[in-house]
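Subject: Structure for your review

Dear colleague,

Please find below the structure that I am handing over to you. I would be grateful if you could read the notes after it alongside the coordinates.

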Amino acid sequence: APEPIAPGAVLLRGFALDRAEALLQAARQVIAVAPLRHLMTPGGRVMSVEMSNCGALGWTSSRTGYRYDQADPLSGQPWPPMPACFADMAMRAAAEAGFEGFAPDACLINRYEPGARLSLHQDRDESDLSAPIVSVSLGLPAVFLFGGLQRNERPARLRLAHGDVAVWGGAARLAFHGVAPLADGDHPRLGRQRINLTFRRAG
Ligand code: MD5
Ligand code: FE
């Protein structure tokens with residue numbers, strides 16, 4: 001059953017469990033073409049999370065800023081197409097959370113090793129902020145930090161485990177959020193890592 005996290009935000013515990021193998025296999029095919037890499041922030045720091053993308057648009061960061069791009073800057077080629085099982089999962093999860101007709105054009109793949117983190121930020125590089133964001137957690141559990149509309153609000157902590165899907169829309173769409181440094185562990189399927197698939201309507 002969908003668990004409300006906050007206005008606009010819903011947690012679907014285990015929603016992706018029965019499709020996790022298909023998602024991981026498809027992710028492996030994407031990153032064989034568009035490898036995971038550590039991006040640079042505009043401030044000049046190397047991100048601890050490794051990223052890649054699939055779909056028409058991909059999120060990247062460099063000294064120049066954050067942006068969505070049709071091409072992988074590493075290869076100059078378009079990002080790999082979004083696998084059907086990815087788009088299908090995202091659409092079904094969004095519908096379960098009350099967002100009918102979600103059609104993502106961008107999927108960011110984030111890979112966390114123990115110690116990797118994502119500092120508090122807002123997702124605001126997308127042109128249509130009325131579309132939700134769907135995120136799928138795979139592998140080691142993470143402590144997700146869910147804040148308010150202002151950076152200085154102390155964030156709530158939410159454990160996200162293998163197979164959990166969160167849908168962030170409405171009032172939560174612009175909430176500050178992040179991921180605490182990943183605790184070490186050994187996931188039976190994925191070992192010492194967490195993979196997060198983040199589906200967005202970017203263009
Ligand atoms: C992650 N990734 O676990 C998260 C999942 C990112 C990112 O934050 O930008 O790559 S997406 C979580 C999210 C998105 C939009 C709004 C909110 C959370 N929120 O309101 O908390 O790797
Ligand atoms: Fe984010």
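The notes below cover the metal site, the pocket and the sheet.

Please bear in mind that this is a predicted model.

The iron ion (ligand 2) is coordinated by His 121 through NE2, Asp 123 through OD and His 177 through NE2, at 2.0 to 2.2 Å. Along the chain, these donors follow the spacing H-x1-D-x53-H. Distant parts of the chain are linked here: Asp 123 lies in the loop between strand E8 (118–121) and strand E9 (133–139), while His 177 belongs to strand E13 (residues 177–179), 54 residues apart. Asp 123 and His 177 are both buried.

The largest pocket holds about 830 Å³ of space. It is lined by 39 residues, of which Met 47, Leu 118, Ser 119, His 121 and Asp 123 are the closest to its centre. By type, the lining divides into 19 nonpolar, 10 polar and 10 charged residues. Strand E4 gives the most to this lining, with five residues.

Eight strands make up an open sheet with antiparallel pairing, in the order E1-E2-E12-E9-E14-E7-E4-E3. Strand E1 (3–6) and strand E3 (37–40) are at the edges with a single partner strand each, so one side of each has no neighbour in the sheet. On average, neighbouring strands of this sheet are turned by 30° against each other, direction ignored. Within the sheet, E9 and E14 run antiparallel and are joined by six bridges; Ser 137 has Asn 196 in E14 as its bridge partner.

Yours sincerely

How values were computed
Residues are numbered from 1 along each chain as its sequence is written. Chains are lettered from A and ligands numbered from 1 in the order in which they are written. This is a predicted model: local features need pLDDT of at least 70, side-chain atom pairs count only at pLDDT 80 or more; totals for chains, interfaces and linings use all residues. Side-chain values use heavy atoms; hydrogens and water are left out. Donors are N, O and S atoms within 2.8 Å of the metal (3.2 Å for Na, K and Ca); water is not among the atoms, so sites may look incomplete. Helices (H or I, at least four residues) and strands (E, at least two) are DSSP runs, numbered from the N terminus. Buried means under 20% relative accessible area, exposed over 50%, partly exposed in between (1.4 Å probe, protein chains only). On a 1 Å grid over the protein atoms alone, a cavity is a set of points where a 1.4 Å probe fits but cannot get out, and a pocket is an open set with protein on both sides within 12 Å along at least five of seven lines; lining residues have an atom within 4 Å of a point. Grid points are joined across faces, edges and corners, and a volume is the space filled by probe spheres set on the points. Ala, Val, Leu, Ile, Met, Phe, Trp, Tyr, Cys and Pro count as nonpolar, Asp, Glu, Lys and Arg as charged, and the others, Gly among them, as polar. Two strands pair if DSSP finds at least two bridges between them. Axes are lines fitted to C-alpha atoms, for helices over the stretch in contact, and angles run from 0 to 180 degrees between N-to-C directions.
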